[in-house]
Amino acid sequence: MEKLEMIVTICCCAIAITLFVCLWKVLNWVWFNPKKLEKLLRKQGLNGNSYRLLYGDMKDLSGMIKEANSKPMNMFDHDLAPRMVPFFLETIKKYGKKSFIWMGPRPQILIMDPELIKEVFSKTYVYQKPHGNPLGTLFVQGVVSYEKDKWAKHRKIINPAFHLEKLKHMVPAFYLSCSEMLSKWEDAVQVEGSHEIDVWPHLQQLTCDVISRTAFGSSYEEGRKIFELQQEQAQHFLEVIRSVYIPGWRFLPTKRNRRMKEIKNDVRSSIRGIIDKRLKAMEAGNADNEDLLGILLESNFKEIELHGNKDFGMSIEEVIEECKLFYFAGAETTSVWILWTLVLLSRYPDWQARAREEVLQVFGSRKPDFDGLNHLKVVSILVSLVQ
């Protein structure tokens, strides 16, 4: 009986200690550690809102973005920051250029000094990437998320895909995708009169087509399916990062968590199938290595052969992540950039006329080629101004 009581006592003590440790970790995460960081930041001369339990500034940040997006956009105003990052601007206005905001229990410092920005980008071993929401790993990883030696290895292997000589071979793919889009516009426009076209979906499809062709070549149609899944995954990811992540939440079988995992598995399976087909073709000696995947695999094999060790190359899983990253990094940014270019050309018809005249003068009725593109001085000026 005494032994049983002793066992019960020990179990109760163990449970009490475990609960105390868990409670302390939670309190430290949601309050004590953020307040400690806030004190250190203020001591170093930075200012910002006082930390608020769990959410920090995220409710204000999300509210200001929703309010800004609810209003019609002024197409005559080039200052897009108030619409894109209103809370950041408000913080800088209120607390100055040495300030911080709270992304939940984690502070984020706003760096405005060019010299400090240069230091952060040059000392990559000192200033490392923050550990974001773990659900982000379901979306994309790749070189953008790696650090130190792993980042250097992936950057070295990926670089050949973006050499000028390799990009020259991708011009026909660019031309084909643009021609298909313009053909759809011509079919929609009547011979006489005017016709209004919502170009945004077409531009999104254009970048999808270009990336699919340049990334996977002959597996273009399958590449489009991957792109559509990655687009959906991006929307889920944006919703995730706009909310406070509670440790362990990713393991709960919520509707979003299940869908994100399902998309990740589908994308991985599709890219893995394309890679396996390409590897077999390369072994048979009849593979086309002019697309991103081919260049990436070829560069990876050379690195492994050079050192005689697989550790110096990328695994198949890492190649898959780099392909996913290529979609994410190139699609939305490019389509938005093209759309804004069209907006500016519509606002400045004189520049539009000069650009059209130059293109007709250089190419006439010929298909665009890389050498001819280098002679487009007016277009080059427009590109640099938009960027």
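Biologist: Where is Phe251 placed?

Modeller: Phe251 is in the loop between helix 10 and helix 11. Helices are DSSP runs of H or I with at least four residues, strands are E runs with at least two, and both are numbered from the N terminus. Keep in mind that this is a predicted model, where local features need pLDDT of at least 70 and side-chain atom pairs count only at pLDDT 80 or more, while totals for chains, interfaces and linings use all residues. Residues are numbered from 1 along each chain as its sequence is written, and side-chain values use heavy atoms, with hydrogens and water left out.

Biologist: Thanks! Is Phe251 buried or exposed?

Modeller: Phe251 counts as exposed because its relative accessible area is 59%. The cut-offs are under 20% for buried and over 50% for exposed, with partly exposed in between, using a 1.4 Å probe and protein chains only.

Biologist: Let's zoom out. How many helices and strands are in the chain?

Modeller: The chain has 16 helices and two strands. Its C-alpha trace spans about 95 × 60 × 45 Å along the principal axes. Of the 387 residues, 32% are buried.

Biologist: What does UniProt list for residues 7-32?

Modeller: An unreviewed UniProt entry lists residues 7-32 as "transmembrane region". UniProt positions are given in the numbering used here, feature names are shortened, and annotations may be inferred rather than shown by experiment. In the model, that stretch is 100% helix and 0% strand, with its end C-alpha atoms 35 Å apart.

Biologist: Now helix 13. What does Glu321 touch?

Modeller: Glu321, which is in helix 13, touches Val140, Gln141, Gly142 and Tyr146, leaving aside residues up to four places away in sequence. A contact means heavy atoms within 4.5 Å. Glu321 counts as buried because its relative accessibility is 8%.

Biologist: What about Glu317, buried or partly exposed?

Modeller: Glu317 is also a residue of helix 13, but it counts as partly exposed because its relative accessibility is 36%. Setting aside residues up to four places away in sequence, Glu317 touches Arg268 and Arg272. The C-alpha atoms of Glu317 and Arg268 are 8.3 Å apart, although the two are 49 residues apart along the chain.

Biologist: You mentioned Tyr146. Where does Tyr146 lie?

Modeller: Tyr146 lies in the loop between helix 5 (114-122) and helix 6. With 9% relative accessibility, Tyr146 counts as buried. Beyond residues up to four places away in sequence, its contacts are Lys129, Gln141, Trp151, His154, Glu318, Glu321 and Glu322. From Tyr146 to Lys129 is 8.1 Å, C-alpha to C-alpha.

Biologist: Last one, pockets. What volume does the second largest pocket have?

Modeller: About 2300 Å³. A pocket is an open set of points on a 1 Å grid over the protein atoms alone, where a 1.4 Å probe fits and protein lies on both sides within 12 Å along at least five of seven lines; lining residues have an atom within 4 Å of a point. The volume is the space filled by probe spheres set on the points, which are joined across faces, edges and corners.

Biologist: Which residues are the closest to its centre?

Modeller: Cys178, Trp337, Ile338, Leu373 and Val379, from a lining of 49 residues. Helix 8 gives the most to that lining, with ten residues.
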